[in-house]
Amino acid sequence: MTETIRTRIEREEWERLSPYAAKSSAARRIREEEECPIRTKFQRDRDRILHSKPFRRLKHKTQVYIAPSGDHYRTRMTHSLEVSQISRTIGRGLGLNEDLIEAISLGHDVGHTPFGHVGEEAIAKLIGRFEHNEQSIRILTVLTGEGRGLNLTQEVLDGVLHHTGKEIPYTLEGQIVKTGDRIAYLCHDYDDALRAELIHQGELPGKVVSTLGDSPSRMITTMVVDMIESSQNQASIRQSSQVAEAMQEFRVFMFERVYNSVILREERRKGEYVVQALFHYYMKNLQFLPQEYLVWAEGDAVKAVVDYISGLTDNYAIDLFQKFLVPRY
């Protein structure tokens with residue numbers, strides 16, 4: 001039997017990658033389908049996510065700053081790309097499957113609402129529970145592809161679902177993304193906070209500077225190298241206690257000085273108001289909701305409205321608010 005490009009890559013994975021690496025030939029989908037002659041399952045998953053509408057919408061979804069004045073602030077899309085780069089570097093150093101890492105990284109935040117975590121919290125207040133990682137799974141398994149989902153592998157879906165929260169992904173690749181996500185957002189949100197002058201050079205806690213460094217580049221390098229060295233020949237992804245403690249102190253600093261800062265509070269309040277107002281409007285006017293969402297939600301009006309609103313970009317949510325809820329001259 002002639003070896004295809006895909007089967008060659010699959011064979012090379014078994015020969016080249018770590019025994020702990022996920023192998024694409026062993027991956028399973030919800031619905032079995034004909035294999036691609038060129039790409040492995042994980043490569044196809046990456047491509048499906050990359051070409052999907054939910055991924056494209058990430059370029060207009062808030063990372064930290066709502067409607068920032070400048071082109072250099074991060075968005076959910078640039079964040080996802082940065083998570084992919086950081087996580088793939090770690091995976092390469094450990095001989096793990098970079099294609100799986102990339103697919104998880106690109107898909108991990110597609111369930112985020114407009115206005116970042118503010119929108120997520122707004123919806124949770126309305127319906128009792130809403131988690132962006134769980135919404136990512138709903139998008140990838142139902143809402144994309146005209147209600148059929150993307151039919152991704154279980155390994156990718158597990159990594160997306162457990163990239164946040166207490167549960168740990170069962171693949172080492174997913175575990176890398178779980179920590180790589182935190183490395184990315186801490187360092188890059190710190191960089192954006194310096195640009196926005198929310199904080200200034202020299203304000204980081206001494207332990208953070210002495211352990212991780214005082215610039216985003218040095219911090220990323222320190223944490224990446226530490227994860228590779230700590231996880232060599234291990235069945236799980238680890239950090240040294242010293243770096244893990246410094247990273248946690250860095251996180252506390254960022255929440256106190258940036259994420260919960262008074263300066264950002266007013267814009268976030270407005271974002272929360274827009275999300276909640278749109279929810280109440282559509283619940284009272286379901287005829288204006290794209291009707292396919294009711295089909296995909298099997299007639300559950302709350303789920304349909306949440307599915308629609310959570311998928312909106314920041315700008316489109318504001319446009320809808322102005323269209324339906326702001327009087328015209």
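Visitor: Which residues is Tyr282 in contact with, leaving aside its neighbours within four places in sequence?
Guide: This is a predicted model. With those sequence neighbours set aside, the contacts of Tyr282 include Phe288, Leu289 and Val305.

Visitor: Which residues touch the most other members of the largest nonpolar core?
Guide: That core holds 89 residues. Helix α9, residues 172–195, gives the most to it, with 11 residues. The members touching the most others are Val156, Met219, Phe250 and Tyr282.

Visitor: Is Arg46 buried or exposed?
Guide: Arg46 is found in helix α2, residues 41–50. Leaving aside neighbours within four places in sequence, Arg46 contacts Asp99, Glu102, Ala103 and Leu106. Its relative accessible area is 18%. Buried means under 20%, so Arg46 is buried.

Visitor: Which residues lie nearest the centre of the largest pocket?
Guide: About 940 Å³ of space lies in this pocket. Its lining has 10 nonpolar, 15 polar and 15 charged residues. Of the 40 lining residues, those nearest the centre are His117, Tyr185, Arg251, Phe255 and Tyr259.

Visitor: Which elements give two or more residues to the lining of the second largest pocket?
Guide: The second largest pocket has about 410 Å³ of space. Its 19 lining residues include Lys53, Arg57, Leu143, Tyr293 and Trp296, which lie nearest its centre. The elements giving two or more lining residues are α3 (53–57), α7 (132–143), α14 (292–296) and α15 (301–310).

Notes: Residues numbered from 1 in each chain as written. Predicted model: local features only at pLDDT ≥ 70, side-chain atom pairs only at ≥ 80, totals over all residues. Heavy atoms only, no water. Helix = DSSP H or I, 4+ residues; strand = E, 2+ residues; numbered from the N terminus. Buried < 20%, exposed > 50% of the residue type's maximum accessible area, 1.4 Å probe, protein only. Contact = heavy atoms within 4.5 Å. Core = buried A, V, L, I, M, F, W, Y, C linked by side-chain atoms within 4.5 Å. 1 Å grid on protein atoms, 1.4 Å probe; cavity = no way out; pocket = protein on both sides within 12 Å on 5 of 7 lines; lining within 4 Å. Points joined across faces, edges and corners; volume = space filled by probe spheres on them. Nonpolar A, V, L, I, M, F, W, Y, C, P; charged D, E, K, R; others polar.
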